[in-house]
Amino acid sequence: MKVFISGVAGFLGSHLADVFLADGHEVVGCDNLVGGYLDNVPADVEFHQYDCTYHNSMVKITRGCDVVYHCAASAYEGLSVFSPFFVTKNIVQASVSMISAAIANGVRRFVFCSSMARYGTQDTVPFTEDMIPRPQDPYGIGKLSSEALLENLAGVHGMEYVIAVPHNIIGPRQKYDDPYRNVASIMANLMLQGRQPIIYGDGNQKRCFSFIQDDVKILKRLATEPAVNGEVINIGPDDEFVTIRELAETIGELLDFDVRPVYVRSRPQEVLLANCSADKARRLLNYETQVKLRDGLAAVIEHIRQRGPRPFKYHIDLEIINDKTPETWKDKLF
Ligand SMILES: NC(=O)c1ccc[n+]([C@@H]2O[C@H](COP(=O)([O-])OP(=O)(O)OC[C@H]3O[C@@H](n4cnc5c(N)ncnc54)[C@H](O)[C@@H]3O)[C@@H](O)[C@H]2O)c1
């Protein structure tokens, strides 16, 4: 099979490429390097440093592919209310460019990486795929809009598709010098520099974290599994639902670091309880969580240790700076 992966220099895209290559498939990919690291790209990938919004280039490089995984996105939920143009351009425009190119080339199946941000605030947790999505920020709205575009165009032109909803993935290769996202990696990077973690609000926001290998194993099956065609499907565990404070404490324990978090104002639109049910994935794909949170965090720490802790890079401009903008970004506190 010939598989195309957008965002292949990113965290998820590069691991997905590894699992397809390991099974002898051909992998073509692109990335504009706004978010990933060039050295994440596995050596055997046919790599193109292109932006997904370069539509003509996407038509050219997806030619002959059986499946497209669209992983590229500016995956910045909190930042999306302060840099909405940047974030939505790399979600909605990039998605429609990829969908159109895939259809033009007769690609059999399109797997879209959405996000749990599509659910927004719901009355109950865990979030199930049948809930009416209520995204709270441009990131979630962009993901949901892209899903609607995919559903529409795939329906009209007869392309198979799957909407994968991963959530809070952790693991090696994740960007850890980015002040705008990836809470676990940010905390580990800070503590490895002997610095205290910074927590928005009281730290009682609750999340589930999934380890990358658990995710890619299941994501890979979405390329061919008949039962998931046209489905929205949550990918990731629904146990070990922890607060952000507990997350900091666990990382501190693993590092033998005396954690005394610095608390700053909550970020606007941050959802308090966010957790996705894995029932559908268990039913259709025999999903099973294999890596416990503590072990996943240990792997994150080991990766940052090997690459070396790094100062944070404020590489994305804030489009809106006002009294709601977190001081962590305005005053570069990380
Ligand atoms: N990591 C998570 O916890 C998580 C959770 C839910 C959903 N997702 C989704 O999974 C996908 C992958 O996330 P990730 O964690 O690997 O993020 P990532 O930032 O590591 O990878 C995304 C890659 O896309 C690239 N990219 C962004 N805009 C692009 C564009 N216009 N053209 C070409 N390349 C572009 C970036 O440079 C980056 O390398 C994203 O769609 C994200 O929204 C991730």
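These legends walk through several close-up views of one predicted model.

Local features in this predicted model need pLDDT of at least 70, side-chain atom pairs count only at pLDDT 80 or more, and totals for chains, interfaces and linings use all residues. Residues are numbered from 1 along each chain as its sequence is written.

View 1. Domain 1 covers 2–169 + 209–235, and domain 2 covers 176–207 + 241–276 + 290–330; domain bounds come from an automatic or database domain assignment. Between the C-alpha centres of domain 1 and domain 2 there are 24 Å. Here 26 residues of domain 1 are in contact with 23 residues of domain 2, where contact requires C-beta atoms, placed from the backbone, to lie within 7 Å. Two elements give two or more residues to the side of domain 1 that touches domain 2, namely α3 (84–104) and α6 (212–221). Helices (H or I, at least four residues) and strands (E, at least two) are DSSP runs, numbered from the N terminus. The most is given by α3, with 3 residues. By class, this side of domain 1 has 15 nonpolar, 9 polar and 2 charged residues; Ala, Val, Leu, Ile, Met, Phe, Trp, Tyr, Cys and Pro count as nonpolar, Asp, Glu, Lys and Arg as charged, and the others, Gly among them, as polar.

**View 2. Helix α5 against helix α9.** Look for α5 at residues 183–192 and α9 at residues 293–307: their axes come within 10 Å and cross at roughly 55 degrees. This angle makes α5 oblique to α9. Axes are lines fitted to C-alpha atoms, for helices over the stretch in contact, and angles run from 0 to 180 degrees between N-to-C directions. Angles under 35 degrees count as roughly parallel, over 145 as roughly antiparallel, 65 to 115 as roughly perpendicular and the rest as oblique. The crossing of α5 and α9 is right-handed, a term used if the near helix is turned clockwise from the far one by less than a right angle, with left-handed for anticlockwise. From α5, Ala184, Ser185, Ala188, Asn189 and Leu192 meet Leu297, Val300, Ile301, Ile304 and Arg305 of α9. This contact of α5 with α9 is made up of 7 nonpolar, 2 polar and 1 charged residues.

**View 3. Helix α7 against helix α9.** The crossing of α7 and α9 is right-handed. Thr250, Ile251, Leu254 and Leu255 in α7 meet Leu293, Arg294, Leu297, Ala298 and Ile301 in α9. In this contact there are 7 nonpolar, 1 polar and 1 charged residues.

**View 4. Leu12 and its surroundings.** You will find Leu12 in helix α1 (residues 11–22). Leu12 counts as buried because it has 27 C-beta neighbours inside 10 Å; 20 or more other C-beta atoms, placed from the backbone, within 10 Å make a residue buried, 12 or fewer exposed, and numbers in between partly exposed. Leaving out residues up to four places away in sequence, Leu12 touches Cys71, Cys113 and Ile169. Ile170 is 158 residues from Leu12 along the chain, with 9.5 Å between their C-alpha atoms.

**View 5. Phe312 in a loop.** Phe312 sits in the loop between α9 and α10 (327–330). Its 19 C-beta neighbours inside 10 Å are why Phe312 counts as partly exposed. Setting aside neighbours within four places in sequence, Phe312 is in contact with Asp177, Asp178, Pro179 and Phe334. Tyr180 lies 132 residues from Phe312 in sequence and 9.5 Å from it in space, C-alpha to C-alpha.

Terms used
Contact = placed C-beta atoms within 7 Å.
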